[in-house]
Amino acid sequence: MKRILSIDGGGIRGLIPALVLAEIESRTGRAVGQCFDLIAGTSTGGILAMGLTRDDGNGKPRFSAGDLADIYQTRGKEIFSRSLWKGAASLGGLADETYSHKGLEKVLEAYFGDDPMGAGLTRLLITSYDIQNRTPVFLKSWKEDHRSVQMKHAARATSAAPSYFEPALTPIGGATKALIDGGIFINSPSVSAYAEAKKIFPDETEFFLLSLGTGELIRPIDYNEARDWGKVGWLAPLLSCMFDGAADAANYQMKMFLGKHYIRLQTNLAVASDDMDNATNGNIENLKAEAKKLLKTHKVEIQTVCDWLQ
């Protein structure tokens, strides 16, 4: 049986799947990066995917899931940092991207250095979108043109959410592509991960796929408020609707494909903000509470996951 891990996008809400994976590592006594045959991620999920598979130089994962959870808890404000000048110049994100990419790139440099995707301990599938050629981009660590793509560049590309960060100019196979967040077309990469696994392992008859969400968006959009929105008013809500809708569709499809061999761990955001960039101390604590709630309400499924991974 081949095992697949898929991690959704969601910005700072990536803390939730990171803490879920930390619990799985604690229960199994195994590093997540060594439990799966393929790990796929979009946006913040892509960052986690690569972090879980980075080699420490001795054939073992450099980071535990708990280590990666610290990105959100200790460096979230650095990633989503905006100077007074930036806030004024962008008119609150309406006339320019909301955040400078410098903080994000500094964090990615610290965690990934110059390691290429091909050096990861597990096969990686990272999503992005090429705005110049208007086509989805699936960065595959086993593909010749993608093996040399540095993890920090792939992470920057997959997390370049429109209106939050500027597109990432990414060197791939001797060319430079302008890439943005893969969440605009596939926020939950589970279906694509399953399709790729079928191609990579053509003789395999059984697959298990674990899909991790970053919190279900339940904040309603009131009709009387939305009816008069123009382009500006719809920008942030539209992104959230696209991301959430795509994840729900993928979940439905995977249930049909794999049945009991598919587990989706997701939770409604009852106390934490669903904003992708809310890195305040209060919201970090709320996201930790949401992860704790998920672990409690899905304890049977989590134990089943651990059993599959033993």
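Which residue forms a salt bridge with aspartate 130, and how far apart are the closest N and O atoms? Lysine 177 is the partner, and the closest N and O atoms are 3.8 Å apart. More on that pair in point 5; first, some ground rules.

1. What we're looking at. This is a predicted model, where local features need pLDDT of at least 70 and side-chain atom pairs count only at pLDDT 80 or more, while totals for chains, interfaces and linings use all residues. Residues are numbered from 1 along each chain as its sequence is written, and side-chain values use heavy atoms, with hydrogens and water left out.

2. Searching the whole structure turns up 2 cavities of 30 Å³ or more. (A cavity is a set of points, on a 1 Å grid over the protein atoms alone, where a 1.4 Å probe fits but cannot get out; lining residues have an atom within 4 Å of a point. (Ala, Val, Leu, Ile, Met, Phe, Trp, Tyr, Cys and Pro count as nonpolar, Asp, Glu, Lys and Arg as charged, and the others, Gly among them, as polar.) Helices α2 (44-53) and α3 (65-79) each put in at least two residues, with α3 giving the most, 4 residues. (Helices are DSSP runs of H or I, at least four residues; strands are runs of E, at least two; both are numbered from the N terminus.)

3. The second largest cavity. Here there's about 40 Å³ of space. Ile47, Ile71, Ile79, Val107, Leu108, Tyr111 and Phe112 line it, and α3 and α5 (102-112) are the elements giving two or more residues. The largest share, 4 residues, comes from α5. By class, this lining is 7 nonpolar, no polar and no charged.

4. The whole structure has 13 salt bridges. (That means a side-chain nitrogen of Lys or Arg within 4 Å of a carboxyl oxygen of Asp or Glu.) Take glutamate 23 and arginine 27, with closest N and O atoms 2.9 Å apart. They sit 4 residues apart in helix α1 (residues 15-28), so about one helical turn separates them. Glutamate 23 is partly exposed at 24% relative accessibility, and arginine 27 is partly exposed too, at 33%. (Buried is under 20% relative accessible area, exposed is over 50%, and partly exposed is in between, using a 1.4 Å probe and protein chains only.)

5. Back to the opening pair. Aspartate 130 is in strand β3 (residues 123-130) and lysine 177 in strand β6 (residues 175-181), so this bridge links distant parts of the chain, 47 residues apart. Aspartate 130 is buried, with a relative accessible area of 1%, whereas lysine 177 is partly exposed at 25%.

6. Lysine 106 pairs with glutamate 78, the closest N and O atoms being 3.9 Å apart. Lysine 106 lies in α5 and glutamate 78 in α3, so the pair ties together parts 28 residues apart in sequence. Lysine 106 is exposed at 53%; glutamate 78 is partly exposed at 24%. Arg75 also comes in here: salt bridges that share partners join Arg75, Glu78 and Lys106 into one network.

Note on methods:
1 Å grid on protein atoms, 1.4 Å probe; cavity = no way out; pocket = protein on both sides within 12 Å on 5 of 7 lines; lining within 4 Å. Points joined across faces, edges and corners; volume = space filled by probe spheres on them.
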